[in-house]
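Subject: Structure for your files

Hello,

Please find the structure below, with notes on what was found in it after that.

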Amino acid sequence: MPVRPVSLTQYLVEKQREKGLIPAELRMLLEVIARTCKRIGIAVSKGALADCLGEAGSSNVQGESQKKLDVIANEALLEANEWGGNLAAMASEEMDHPYPIPNRYPKGEFLLLYDPLDGSSNIDVNVSVGTIFSVLRLPEGVKDPDETHFLQPGIRQVAAGYAVFGPSTLLVLTVGDGVACFTLDREPGAWMLTADRMRIPQSTREFAINASNARHWEAPVKRYIDELLAGKDGPRGVDFNMRWVASMVADVHRIMTRGGIFLYPRDNRDPSKPGKLRLLYEANPMSFLVEQAGGAATNGLQRIMEIVPSSLHQRVAVILGSKEEVERVAGYHSQ
Ligand code: AHG
Ligand code: MN
Ligand code: MN
C-alpha cells in the first residue's frame with residue numbers, strides 16, 4: 001500500500017495531466033465504468049436479499065441462458081454510459097448487436113465493449129465473479145458506428161480492465177502504461193490504489209484449465225498438460241499445481257498476482273467454435289492487461305491482440321499468463 005493513499009481519480013488525473021497519456025474524455029469514461037462496477041458489486045453482494053440470484057428466463061445471442069445478474073449488470077452499464085457524451089456505441093456479451101448512443105445525447109469518440117458479468121455459473125454458489133471491459137477509439141470520420149467498427153484488433157485498445165467481486169472488490173486497469181489495482185473502500189465508496197505496476201512472474205508452477213475437456217483437446221495442449229501432470233517424474237522434472245475457479249476474472253487475477261498459466265484452448269467438441277471465450281470482450285482486454293504486466297497471451301498460433309476480428313461475438317482459444325509457459329505452449333503448436 002502506498003504511503004499516501006491514491007484514489008482512482010488521482011491516478012487517472014496524473015495519467016492525463018502529467019503524462020498526457022489519456023484525454024479527459026477517456027478519464028471520465030473510466031470513472032463512469034468504475035462507478036458502475038461499484039453498483040454491480042453491490043447487487044452481487046446483496047444476492048438473494050435483493051432477489052438478484054437465479055435465472056432471468058432468457059438467453060443471449062450465444063445461446064447461453066442469462067442469469068438475473070447478467071441482465072442487471074448489462075443494463076447498469078448501458079444506463080450509466082449512454083448519456084455522458086464519451087461514447088459512440090457499446091457492445092456486450094448479452095446483446096446481439098451494438099447499442100448506439102441515443103440521438104438525444106451527445107456522442108463521443110470511444111467504443112465500449114464488455115462482459116457485464118463474467119463467471120455467471122458461479123453466482124448462485126457465492127464464488128468470485130466480475131466485469132470485464134475494453135475501450136476502443138471510433139475510427140476517424142465515422143459518425144454512426146455499426147458492428148464493423150468494433151472489429152478492431154486488440155492492439156488498438158486504449159484501455160481495458162476488470163472488476164472482481166470477491167472477498168474484496170477490486171478494479172484492475174490499464175491505459176497502456178502498466179497495470180494498477182484499486183480496492184474498493186466501502187465506507188467512503190472510493191477506489192484506492194493498492195498495487196501499481198503489477199508484474200506477472202515470468203516462470204510458474206501453477207496452471208489453470210478445465211480438465212474435464214481433456215479428451216477434446218488438440219495434440220499440443222494435450223502434450224503440454226500431460227507433461228505438467230507427470231510432475232517431477234516427467235520431462236519437466238518439477239511438480240505443478242492446478243487451480244480452476246471457472247470465473248476468468250478470478251483465474252486471471254490470481255495470475256496477475258502470483259503468476260500462472262491459464263488455458264481455454266480450442267477443442268474439437270464443436271468445429272464452429274474455436275474456443276469458448278470471446279475475443280472482443282474477454283480475450284482482448286485480458287491479453288492487454290497480461291501483456292502490460294509482462295506476461296503473454298496467444299491462441300497458440302498468434303498473439304491474441306493481433307487477431308483481426310471477423311464478428312462481434314467471435315470466440316477464440318486463450319492461453320495467457322507467465323511468459324515462459326505461454327511461449328512453451330506456442331512452441332508446441334508450431335512444431
Ligand atoms: P461467462 O460467465 O461470461 O459466460 O464466462 C464464463 C467463462 C469464463 O469466465 C470461465 O473461464 C469459463 O467460462 C469457464 O468455463 P467452463 O464452465 O467450461 O469451465
Ligand atoms: Mn465471461
Ligand atoms: Mn458474462
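Domain 1 (8–195) and domain 2 (206–334) each contribute at least three residues to the shell around ligand 1. Please keep in mind that this is a predicted model.

In total, 18 residues surround ligand 1. Asp 118, Gly 119, Asn 210, Met 248 and Tyr 264 are the closest of them. By class, the shell consists of 7 nonpolar, 7 charged and 4 polar residues.

As for secondary structure, at least two shell residues come from each of β5 (110–118), β13 (261–264) and β14 (277–278). The largest share is that of β5, which gives 3 residues.

- Tyr 264: a polar side-chain atom is 2.6 Å from an oxygen atom of ligand 1.
- Ser 120: here a polar backbone atom is involved, at 2.9 Å from a ligand 1 oxygen.
- Lys 276: an N or O atom of the side chain lies 3.0 Å from an oxygen atom of ligand 1.

On its own, ligand 1 exposes 470 Å², and 87% of this is buried by the protein. With regard to pockets, the largest one is the space that ligand 1 takes up.

Regards

Key. Residues are numbered from 1 along each chain as its sequence is written. Chains are lettered from A and ligands numbered from 1 in the order in which they are written. This is a predicted model: local features need pLDDT of at least 70, side-chain atom pairs count only at pLDDT 80 or more; totals for chains, interfaces and linings use all residues. Side-chain values use heavy atoms; hydrogens and water are left out. A residue is near a molecule or strand if one of its heavy atoms lies within 4 Å of it. A polar contact is a pair of N or O atoms within 3.5 Å; within protein, one must be able to donate a hydrogen and the other to accept it, and residues adjacent in sequence count only if both atoms are side-chain atoms. Accessible areas come from the Shrake-Rupley method with a 1.4 Å probe; for residues, only the protein chains shown count as cover. On a 1 Å grid over the protein atoms alone, a cavity is a set of points where a 1.4 Å probe fits but cannot get out, and a pocket is an open set with protein on both sides within 12 Å along at least five of seven lines; lining residues have an atom within 4 Å of a point. A molecule sits in a cavity or pocket if more than half of its atoms lie within 2 Å of its grid points. Helices (H or I, at least four residues) and strands (E, at least two) are DSSP runs, numbered from the N terminus. Ala, Val, Leu, Ile, Met, Phe, Trp, Tyr, Cys and Pro count as nonpolar, Asp, Glu, Lys and Arg as charged, and the others, Gly among them, as polar. Domain bounds come from an automatic or database domain assignment.
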